[in-house]
Amino acid sequence: RVLSCGLKDFCAHGGSPGEAAAGGGGGGGGTGGDKRVPKIASVVGILGHLASRHAGSIKQELLRMFHESLGAGRGEQHKATVPFLLQLALMSPALLGTVSAELVDSLKPPVLNQLHQHFSALPRDELDNVVGVVVHLISQTSAGAFRILQFLVGTAMP
């Protein structure tokens, strides 16, 4: 419920793909980001508190949200789910650490194709922002870093 409410709020306050994910690290000047940050910070705080007893459930729900967002539904929440999850990961390395290994394992060619289709309609600057956030998150990941590097090299090879 916490994740669902956070995603709804993220969408209600202009959580568009790219913009929302890119706005997490900076301290930008727009009012949309300023309104959104306290709610996302609350979501991160609640999930951090719950993680001690419910880490498995949180991990399962984060992965479920990711995979469902790439499915057939193309509503506003589906489009904003990946940027929302990226924003959560930027704000909570612990959340990133809980899902990074399983997420990398799930990035098989069909899922990569879904991600490509999901983001192919974005303007170039928004796509660059999303890629920048992903690169930043990869560089901040210590748990499972070897697995991530293996995945990147394996995926880049013909």
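**Before you start.** The model is predicted, so local features need pLDDT of at least 70 and side-chain atom pairs count only at pLDDT 80 or more, while totals for chains, interfaces and linings use all residues. Residues are numbered from 1 along each chain as its sequence is written, and side-chain values use heavy atoms, leaving out hydrogens and water.

**Stop 1: the whole chain.** Show the cartoon and you will find eight helices and zero strands; helices here are DSSP runs of H or I with at least four residues, strands are E runs of at least two, and both are numbered from the N terminus. Now color by burial: 34% of the 158 residues are buried, meaning under 20% relative accessible area with a 1.4 Å probe, protein chains only.

**Stop 2: the nonpolar core.** Next, select L3, L62, F66, F84, L85 and L88, which touch the most other members of the 35-residue largest nonpolar core. Such a core is a set of buried Ala, Val, Leu, Ile, Met, Phe, Trp, Tyr and Cys residues joined through side-chain atoms within 4.5 Å. Helix α3 gives the largest share of this core, nine residues. Zoom in on L88: setting aside residues up to four places away in sequence, L88 touches L3, I40, V43, V44, L62 and L95, where contact means heavy atoms within 4.5 Å.

**Stop 3: along α3.** Select residues 31–69 to pick out helix α3, then find L50 in it. Beyond its neighbours within four places in sequence, L50 contacts A55 and I58.

**Stop 4: the largest pocket.** A pocket is an open set of points on a 1 Å grid over the protein atoms alone where a 1.4 Å probe fits, with protein on both sides within 12 Å along at least five of seven lines; lining residues have an atom within 4 Å of a point. Its volume is about 1000 Å³, counted as the space filled by probe spheres set on the points, which are joined across faces, edges and corners. Helix α7 supplies the largest share of the lining, seven residues. Color the lining by class to see 28 nonpolar, five polar and no charged residues; Ala, Val, Leu, Ile, Met, Phe, Trp, Tyr, Cys and Pro count as nonpolar, Asp, Glu, Lys and Arg as charged, and the others, Gly among them, as polar.

Definitions and conventions
Buried < 20%, exposed > 50% of the residue type's maximum accessible area, 1.4 Å probe, protein only.
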